Amino acid sequence: MPICYKATRCEVCAARARRGAGHTSWKGGGVHSYKLAVLERDNWTCQKCGLCDPEVMEVDHIIPKKLRPDLKVDHSNLQTLCANCHRRKSNNELKNGIA
């Protein structure tokens, strides 16, 4: 990466500074890696209906984070669901006051 020697940052350097730890929404990273590991473990297949379409797969917490925040990144508490199954599960949790 070239270094910018201007007194003020050029647009490229300013954009680089807003990535990762420099971004105001940075939360420490690592989220993508555990999600990818779960998706690969489940072969990008919905664990509820069996759909295999990588473009619509999401990672779901089996036991909601609200109930067990300590299991947030525990792979045994994560499953791959398609968007439809994930929405149904989330809606059921909301109806039952779980989420």
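Mentor: Leaving aside neighbours within four places in sequence, Asp-60 touches Asn-77, Leu-78, Gln-79, Leu-81, His-86 and Lys-89. Contact means heavy atoms within 4.5 Å. This is a predicted model: local features need pLDDT of at least 70, side-chain atom pairs count only at pLDDT 80 or more, and totals for chains, interfaces and linings use all residues. Residues are numbered from 1 along each chain as its sequence is written, and side-chain values use heavy atoms, with hydrogens and water left out.

Trainee: Why is Asp-60 called buried?

Mentor: Buried means under 20% relative accessible area, exposed over 50%, partly exposed in between (1.4 Å probe, protein chains only). Asp-60 has 5%, so Asp-60 counts as buried.

Trainee: What makes the link between the side chains of Asp-60 and His-86 a polar contact?

Mentor: The distance is 3.3 Å. The cut-off is a pair of N or O atoms within 3.5 Å; within protein, one must be able to donate a hydrogen and the other to accept it, and residues adjacent in sequence count only if both atoms are side-chain atoms. The pair qualifies as a polar contact.

Trainee: Which residues make up the largest nonpolar core?

Mentor: Tyr-34, Val-38, Leu-39, Cys-46, Met-57, Val-59, Leu-78, Leu-81, Cys-82 and Cys-85, 10 residues in all.

Trainee: What makes a set of residues a nonpolar core?

Mentor: Its members are buried Ala, Val, Leu, Ile, Met, Phe, Trp, Tyr and Cys residues, joined through side-chain atoms within 4.5 Å.

Trainee: Where is Asp-60 found?

Mentor: In strand E1 (residues 57-61). Helices (H or I, at least four residues) and strands (E, at least two) are DSSP runs, numbered from the N terminus.
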